[in-house]
Amino acid sequence: MKKFQTLGELIKAFRAHHEISQTDLASDLDVDIRSVIRWEKNETLLNPEKEAELARVTFIPYQVIRNLNSSTQIPTFYDFDLRKYSLSALSSELPDANWIKSKIDVKTDRLKIITSKEDLAPVVRHTQLQKNPLKTVDEDLFLEAAKNLPELNMILLDQSGYYSGHCVYFSIRPETYQKIRSREITEKQLTARDLVNYKTQEKPIFYCHSITADCNENFFYIIGAVLKFFRDAPLGNYLYALLTSRYDSHNMSEQLGVKTVWQDLGIKEKFGLKDAPRLVEGSFKTFLSQ
């Protein structure tokens, strides 16, 4: 993560990361280019009513913009690739899984079940941000998955009501998963026909499309809700799987008891990813029973 002291520094870094000109950003925000120039020089701040628009256009978490768009800025660490922020270098790493387990009964009213394509807009945008060519962005598939498994298909809102994270899971057929595992098909080839009601399966397979949040506190609420489901639901013998290219999740996967099945170094090099896409699988039974 990089530490940002001012809003101007953040905006310049955003443009450099996405190779966007001042003119293009001004057009997207419907402002004069001189406004962007003044922001970047820290000569002026945004009008408060423009904060939400800047968050929408840039997909930078609203809280990061709020922290820096003030006469008394709150220096904030931010990672454009992960879409994650932190107020200190020490709190940038994912929290210890055992600490999360000890608090998974803590609830929040900021979690919302995915019910519409409007809910899915930030999910799709975040998936595209990861640049993993194996990942699907099929909104119809996401909606069907949410109908089948509402407990694990949720978005999280921040205190101001803006998107701050999500989890998307597919309950899929065993034969479908084996094809993904053996690399006969990719996740992008999944359709609604590959989804099943997990309650009808002898060995349910929960395939995680993505689980993410913009800061560790928000991630705690999402992963906590997921682990609570696996702790409390009568699942029997199940399999958990996740295809990810996030370089910050290795340690968490190991703590939870899931192991790497395969990784694709060729895709990492071809698409310039920071980590190789990898499929991990296992279950949380041992972890949750300790």
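Okay, a definition before we start: helices and strands here are DSSP runs, numbered from the N terminus. And keep in mind that what we're looking at is a predicted model.

With that, find helix 1, residues 7–18. Helix 1 lies across strand 1 and strand 2, and runs at about 135° to strand 1. Those strands belong to an open sheet of three, in the order 1-2-3, with antiparallel pairing. On the edges you've got strand 1, which is 2–4, and strand 3, which is 84–86, each pairing on one side only. From one strand to the next, the twist averages 35°.

Let's zoom in on strand 2, residues 76–79: three bridges join strand 2 to strand 3, and the two run antiparallel. So who stands opposite Ser86 of strand 3? That's Phe77.

Now, aromatics. Search the whole structure and you get 20 aromatic pairs. Take Phe4 and Phe80: the ring centres are 6.0 Å apart and the planes sit at 80°, and since anything over 60 degrees counts as edge-to-face, that's what we call this pair. Why does this pair tie together parts that are 76 residues apart in sequence? Because Phe4 lies in strand 1, while Phe80 is in the loop between strand 2 and strand 3. Both Phe4 and Phe80 are buried, by the way.

Compare that with Phe170 and Tyr207. Their ring centres are 6.2 Å apart, but the planes are at 5°, so this pair is stacked. Phe170 sits in strand 6, residues 163–171, and Tyr207 in strand 7, residues 205–213, so to speak linking distant parts of the chain, 37 residues apart. Buried or exposed, Phe170? Buried, because its relative accessibility is 0%. Tyr207 also has 0% relative accessibility, so Tyr207 counts as buried too.

There's an aromatic cluster to look for as well, and its members include Tyr169, Phe206, Phe229 and Phe284.

The charged end of Arg83 sits over the ring of Phe59, 4.2 Å from the centre. Lys101 lies over the face of Phe287, at 4.6 Å from the ring centre.

Last stop: Ala225, in helix 10, residues 216–232. Leaving aside residues up to four places away in sequence, Ala225 touches Leu111 and Met154.

Conventions. Residues are numbered from 1 along each chain as its sequence is written. This is a predicted model: local features need pLDDT of at least 70, side-chain atom pairs count only at pLDDT 80 or more; totals for chains, interfaces and linings use all residues. Side-chain values use heavy atoms; hydrogens and water are left out. Two strands pair if DSSP finds at least two bridges between them. Helices (H or I, at least four residues) and strands (E, at least two) are DSSP runs, numbered from the N terminus. Axes are lines fitted to C-alpha atoms, for helices over the stretch in contact, and angles run from 0 to 180 degrees between N-to-C directions. Contact means heavy atoms within 4.5 Å. Rings of Phe, Tyr and Trp (its six-membered ring) pair if their centres lie within 6.5 Å; planes under 30 degrees apart count as stacked, over 60 as edge-to-face and the rest as tilted. Buried means under 20% relative accessible area, exposed over 50%, partly exposed in between (1.4 Å probe, protein chains only). A charge sits over a ring if NZ of Lys or CZ of Arg is within 6 Å of the ring centre and within 35 degrees of the ring normal.
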